[in-house]
Amino acid sequence: MGRITEYTCQSCGAAWRLQLGHGMSHSSLEVVLEEFPEDIRQKILADTREEEIPFFKFDYRPALCRQCGKMTAIPTVYLNRSGRIYVGRCPVCEEEAECLAEYRCPCCGKDSLAIDDVGFWD
């Protein structure tokens, strides 16, 4: 079951609510592939071609799109056999987004984001 996480900047007041993690339906690679654009989908398929049962870990992760500036949740999949990680694109502008490694506010740039889990989704 996924979680709904709220990010609130204590400095400027900006806030985002993201659906992170994964749902029960994401246990199938076929369903996971639907979350990615065609070019990434083809890379994942090529990477798992020789596996009878591909082992993977799928999650939506918090990300910042450098193009449109939106904080959003993007799909990521880790393939156990190859060790590769594939990252989806921004759902707003379809450009590459960057998973958040540190939690700075994308609006004011300060390290003042409060992070709270506020619910669950499936």
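Modeller: Cys-12 is partly exposed, with a relative accessible area of 40%. Keep in mind that this is a predicted model. Cys-9 is buried, at 2% relative accessible area. Cys-12 is in no disulfide either, as its nearest cysteine sulfur, that of Cys-9, is 3.7 Å away.

The largest nonpolar core contains 26 residues, and Ile-44 and Val-77 have the most contacts inside it. Two or more residues of this core come from each of β1 (2–9), β2 (15–20), α1 (29–33), α2 (38–48), β3 (56–65), β4 (71–79) and β7 (113–121). Ile-44 shows how such a position is surrounded. Setting aside neighbours within four places in sequence, Ile-44 is in contact with Leu-29, Leu-33, Phe-36, Val-77, Leu-79 and Tyr-86. Another core, of five residues, lies apart from the largest one, and its members include Ala-63, Cys-65, Ile-74 and Cys-90.

Ala-63 deserves a stop. Ala-63 is part of strand β3 and counts as buried, at 0% relative accessibility. With neighbours within four places left aside, Ala-63 is in contact with Lys-70, Met-71, Thr-72, Ile-74, Ala-97, Glu-98, Cys-99 and Leu-100. One of these, Leu-100, is 37 residues away along the chain, yet the two C-alpha atoms are separated by 5.0 Å.

A buried residue can also be a threonine. Thr-48 sits in helix α2 and is buried, at 6% relative accessibility. Beyond its neighbours within four places in sequence, Thr-48 is in contact with Leu-29, Pro-54 and Leu-79. Leu-29 and Leu-79 are also among the contacts of Ile-44.

Now for the charged side chains. The count of salt bridges comes to eight. One of them joins Arg-17 to Glu-6, with the closest N and O atoms 2.8 Å apart. Arg-17 is in strand β2 and Glu-6 in strand β1, so this pair ties together parts eleven residues apart in sequence. Arg-17 is exposed, at 55% relative accessibility, whereas Glu-6 is partly exposed, at 23%.

A second pair is Lys-57 and Asp-59, whose closest N and O atoms are 2.7 Å apart. Lys-57 is partly exposed, with a relative accessible area of 46%, but Asp-59 is buried, at 15%. In another bridge, the side chains of Arg-104 and Asp-111 meet at 3.4 Å, N to O. Here Arg-104 is partly exposed, at 39% relative accessibility, and Asp-111 is exposed, at 58%.

The surface also has nonpolar side chains. Tyr-78, Ile-85 and Val-87 form a nonpolar patch there, with about 240 Å² of accessible area together. Of these, Ile-85 is found in strand β5, which covers residues 85–87.

Methods: Residues numbered from 1 in each chain as written. Predicted model: local features only at pLDDT ≥ 70, side-chain atom pairs only at ≥ 80, totals over all residues. Heavy atoms only, no water. Core = buried A, V, L, I, M, F, W, Y, C linked by side-chain atoms within 4.5 Å. Buried < 20%, exposed > 50% of the residue type's maximum accessible area, 1.4 Å probe, protein only. Helix = DSSP H or I, 4+ residues; strand = E, 2+ residues; numbered from the N terminus. Contact = heavy atoms within 4.5 Å. Disulfide = S-S within 2.5 Å. Patch = residues over 30% accessible without salt bridge, like charges linked within 9 Å, V, L, I, M, F, W, Y side chains within 5 Å. Areas by Shrake-Rupley, 256 points an atom, 1.4 Å probe, with all protein chains shown as cover. Salt bridge = Lys/Arg side-chain N within 4 Å of Asp/Glu carboxyl O.
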